Structures are given as structure tokens and as C-alpha cells.
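Please read the following account alongside the sequence and the coordinates.

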Amino acid sequence: REDRSLRNAQTRTRDLPGAVRASVITNAILMARRISDLQRPRQALIAQQEQLRAQLPDWAVEPLRLVGMTGEEIRGLVNDMSTAEAESGLEEIERQLDSVDQEIDELESLLVATSLFELGELHRAEGKLREASGLHRRALAIRSSAAPESDVTAESLVALGGVAREEGRDGEAEKRWREAMALVESRRGRL
């Protein structure tokens with residue numbers, strides 16, 4: 001995943017001016033490193049999960065292979081298996097794996113959103129406001145989903161407001177800027 005994400009970011013930024021390109025690549029590298037850092041504990045959790053599953057008693061799975069069992073007997077054995085997995089710690093490991101996987105997915109999404117944002121800023125600087133608006137909207141959609149109350153989401157709102165202002169849509173600009181301010185103020189209130 002890390003290599004693919006980094007290649008995508010580099011491909012999208014190949015034609016950008018030096019400073020913008022360096023910023024996009026730096027952000028991509030930082031996020032790719034964070035994703036890589038998360039992969040190590042994920043692999044350790046998978047290994048631990050496999051080890052615990054190997055230690056489950058044979059009685060917990062062997063009866064399921066028998067022919068002629070009633071549905072009630074099989075349900076009872078499945079319940080016993082669930083209890084054995086819970087007692088062995090497998091459920092906790094699965095919960096931790098889900099959490100790490102979710103964080104990796106969010107970081108990968110933010111990596112794409114950062115590239116979209118930077119490309120939007122480049123188009124905005126070149127006066128290509130329609131393209132800039134579309135890129136910033138896509139970045140905002142991703143950021144709002146992956147990190148709804150973050151500074152990067154506020155950054156996308158500010159950028160969209162700036163594009164709207166340059167397009168002469170002052171009402172839209174003010175609306176986006178107010179959304180960004182509300183987000184920043186709500187974060188500040190929770191700190």
C-alpha cells in the first residue's frame with residue numbers, strides 16, 4: 001500500500017512547480033511512513049491471533065466436522081467456540097486489528113486528499129477556478145469522511161471559500177469560511 005500511495009502522489013505531482021511539488025511529496029512521505037509504522041503492529045497482531053487460534057482446544061472445533069449432529073448441537077458448539085475465543089483473547093486482537101486497519105484506511109484517504117488539495121491550489125494559482133473548485137470539493141469530501149473535525153478539513157473549507165470568492169460567489173465563500181471557523185472553534189473548545 002505504501003509504495004502504491006507514494007507512486008500515485010509522485011505521478012500526480014510530476015508537473016507541479018518545485019515548492020508545491022516538494023510540499024505534496026513531503027506530506028505523502030510522512031503519511032506513507034505512518035502507514036508503514038501501523039503495518040508492523042498489525043502484522044504482530046495477526047501473528048498473535050494465529051497463535052491463539054492454534055491453542056484453542058480440539059473439542060471446540062472437531063465436533064463440527066461430525067456427521068449427523070442436530071442444528072441445536074452445532075449451535076451449542078459454536079457458542080462454546082465463541083466463549084473459548086473470547087476467553088483466549090481473540091476478540092480483543094480482532095478489535096485491535098479492526099482499529100489499526102481503520103487508521104490505515106483513513107491515512108491512505110488523507111494522503112489522496114492532500115494531493116487533491118495541493119493540485120486544487122495549483123489550479124487556483126493558475127486561474128483555473130472551475131478545476132480548483134472540483135479538486136477542493138473532492139479533497140473536502142474525503143477529509144470530512146476520514147477526519148471530520150480536523151484542521152485539514154477546515155483547510156479545505158477555507159480553500160473552497162477562497163475559490164468561491166475569486167469566482168464572485170461571496171455568499172458561498174462566507175458560508176465555507178464560517179464552517180471552517182466553527183470547526184476550529186469547536187476543536188479549540190474541546191482542548
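The side chains of R40 and D37 meet in a salt bridge, with N and O 3.3 Å apart; a salt bridge here is a side-chain nitrogen of Lys or Arg within 4 Å of a carboxyl oxygen of Asp or Glu. Because R40 and D37 stand three residues apart in helix α2 (residues 18-54), about one helical turn separates them. Helices (H or I, at least four residues) and strands (E, at least two) are DSSP runs, numbered from the N terminus. R40 is exposed at 54% relative accessibility, whereas D37 is partly exposed, with a relative accessible area of 36%; buried means under 20% relative accessible area, exposed over 50% and partly exposed in between, for a 1.4 Å probe and protein chains only.

The model is predicted: local features need pLDDT of at least 70 and side-chain atom pairs count only at pLDDT 80 or more, while totals for chains, interfaces and linings use all residues. Residues are numbered from 1 along each chain as its sequence is written, and side-chain values use heavy atoms, with hydrogens and water left out.

D101 is partly exposed, its relative accessible area being 22%. In R187 and D151 the side chains again meet in a salt bridge, at 3.3 Å from N to O, and this pair links distant parts of the chain, with R187 in helix α7 (residues 170-190) and D151 in helix α6 (residues 151-166), 36 residues apart. R187 is partly exposed, at 28% relative accessibility. A network of salt bridges links E121, R124 and E166, and a search of the whole structure finds 14 salt bridges.

The C-alpha atoms of L38 and I104 are separated by 6.9 Å, although the two residues are 66 apart along the chain. L38 counts as buried, at 6% relative accessibility. In helix α6, S156 is likewise buried, at 0% relative accessibility, and beyond its neighbours within four places in sequence S156 is in contact with F117, A139, L140 and R143.

Turning to helix packing, the axes of α4 and helix α5 (residues 129-146) come within 8 Å and cross at roughly 160 degrees. That angle makes α4 roughly antiparallel to α5. Axes are lines fitted to C-alpha atoms, for helices over the stretch in contact, and angles run from 0 to 180 degrees between N-to-C directions; those under 35 degrees count as roughly parallel, over 145 as roughly antiparallel, 65 to 115 as roughly perpendicular and the rest as oblique. The residues of the contact of α4 with α5 divide into 12 nonpolar, five polar and six charged, where Ala, Val, Leu, Ile, Met, Phe, Trp, Tyr, Cys and Pro count as nonpolar, Asp, Glu, Lys and Arg as charged, and the others, Gly among them, as polar.

Over the whole protein, the secondary structure comes to seven helices and zero strands. Of its 191 residues, 36% count as buried, and residues 24 or more positions apart account for 65% of the contacts with a separation of 6 or more.

Methods: Contact means heavy atoms within 4.5 Å.
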